[in-house]
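Subject: Structure for your set

Hello,

Here is the structure I said I would pass on. My notes on it follow below the entry.

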Amino acid sequence: MTEIFETQPERTDLPLVVMPSVLESMIEPIKEHFPALNDVARVRMFEEFTSDEAVIAERVTDADALLVGGYHISDDLLHTLSEHSHIKCIVFCGTGVASYINLDLARELKIRVCNAEHYGDHAVAEHTFALMLELVRRTGRLDADVKAGNWAWAGGDGLQLAGRKLGIIGLGGIGSTVAGIARAFGMQVSAWNSHVPVEHFERSGAKPVDDLNELIADSDIVSVHLPLNNATRGIITAENLAHLKPGTLFINTARSEVIESGALLARLNKGDIPAGLDVFDHEPLAAADPICHVPGIVLTPHVGWRTDGAFRELTRQMIQCLTAYFAGEDYNVVVSERG
């Protein structure tokens with residue numbers, strides 16, 4: 001039976017916030033922040049994860065606001081929430097809300113949608129280097145070899161990051177953090193981002209490159225850190241990826257949708273580009289997915305953002321979104337209920 005955690009259940013005069021599904025790792029961090037909603041709203045959290053839309057719809061029928069994390073809100077569910085509940089505010093537990101909710105439909109239905117920003121900059125940047133280091137040093141495979149009694153040095157020779165050229169696509173919070181770590185490794189850092197001022201490049205220590213093809217062609221490692229929005233969807237094309245020289249490492253911890261559909265798989269299938277990916281066109285990734293069978297690839301299940309520090313900052317922002325909404329104020333508003 002699903003455990004339900006509630007705050008101030010007797011305060012029926014207060015609006016109700018419901019979290020119908022929650023990742024286990026978020027339960028304790030978010031409970032720590034719930035006291036900030038005392039005398040503002042009561043909270044009901046179902047302590048299990050589900051993406052079953054019928055279950056979610058049933059659990060939020062009397063809610064005024066909704067906390068969403070780890071599952072998609074389909075258009076049908078969004079219509080249901082609008083028509084059969086009091087929900088006028090959805091707080092998404094992450095940044096890339098456009099991948100999980102139809103924002104145009106939310107705007108049409110006059111539902112506020114909020115997100116969290118920069119909470120995972122360090123977490124995702126560190127995971128970027130975890131993938132990078134696995135590709136160049138293969139510690140996972142070597143660990144398995146040693147434990148199996150294989151002490152052979154064959155396959156143990158790695159690549160050194162110091163001195164290599166890192167090309168960053170997208171120099172926002174995460175990309176800038178990656179640039180700082182890369183410089184500490186002694187790497188040469190360049191970046192492409194059409195909407196970042198020169199001062200931002202100077203602060204990050206990354207050399208600006210205006211032409212994306214030039215950045216890709218001149219890099220030993222290419223790492224993607226673009227947010228997903230209407231301007232960036234499919235912005236990295238097959239023609240861009242054709243400029244990857246053999247042996248270039250390709251890392252994506254951003255969103256798969258910023259790459260033209262099918263373009264990355266087609267390029268990787270040539271077998272000359274080692275890649276580390278944390279994001280995919282379809283999640284969860286099926287074992288039969290063709291990308292799972294690309295030689296030399298390292299895959300992780302969209303966990304780059306999942307660290308203790310990121311959870312604490314994420315949940316703090318989620319609560320601040322709610323307190324602002326109930327106070328008639330704005331905080332991290334992606335779609336306004338006012339149109």
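This is a predicted model: local features need pLDDT of at least 70, side-chain atom pairs count only at pLDDT 80 or more; totals for chains, interfaces and linings use all residues.

Pro284 sits in the loop that runs between strand E12 (275–277) and strand E13 (297–299).

Asp39 is found in the loop between helix H1 (24–33) and strand E3 (42–46).

Helix H1 also takes part in a helix pair. Its partner is helix H12 (residues 308–326); the two axes are 9 Å apart and the packing angle is about 50°. The crossing of H1 past H12 is right-handed. On the H1 side the contact is made by Ser25, Met26, Pro29, Ile30 and His33, while H12 contributes Phe311, Arg312, Leu314, Thr315, Arg316, Met318 and Ile319. Sorted by class, the contact of H1 with H12 holds seven nonpolar, three polar and two charged residues.

The other helix pair I looked at is H5 (residues 121–137) with H7 (residues 173–184). Their axes come within 8 Å and cross at roughly 50°, so H5 and H7 are oblique to each other. This crossing, of H5 and H7, is right-handed. From H5, the residues involved are Asp121, His122, Val124, Ala125, Glu126, Thr128 and Phe129; they meet Gly173, Ile174, Thr177, Val178, Ile181 and Ala182 in H7. By class, the H5 contact with H7 comprises seven nonpolar, four polar and two charged residues.

On the domains: the assignment for the protein chain gives domain 1 as 4–119 + 308–335 and domain 2 as 121–299. Taken over C-alpha atoms, the centres of domain 1 and domain 2 are separated by 32 Å. How many residues of each domain are in contact with the other? Seven residues of domain 1 contact eight residues of domain 2. About 570 Å² is buried between domain 1 and domain 2, and carbon and sulfur atoms give 41% of that area. Of the area that domain 1 buries against domain 2, Ala98, Ser99 and His118 supply 58%, more than any other three residues.

Regards

Notes:
Residues are numbered from 1 along each chain as its sequence is written. Side-chain values use heavy atoms; hydrogens and water are left out. Axes are lines fitted to C-alpha atoms, for helices over the stretch in contact, and angles run from 0 to 180 degrees between N-to-C directions. Helices (H or I, at least four residues) and strands (E, at least two) are DSSP runs, numbered from the N terminus. Angles under 35 degrees count as roughly parallel, over 145 as roughly antiparallel, 65 to 115 as roughly perpendicular and the rest as oblique. A crossing is left-handed if the near helix is turned anticlockwise from the far one by less than a right angle, and right-handed if clockwise. Contact means heavy atoms within 4.5 Å. Ala, Val, Leu, Ile, Met, Phe, Trp, Tyr, Cys and Pro count as nonpolar, Asp, Glu, Lys and Arg as charged, and the others, Gly among them, as polar. Domain bounds come from an automatic or database domain assignment. Buried area is the accessible area (1.4 Å probe) that two parts lose on being put together, summed over both.
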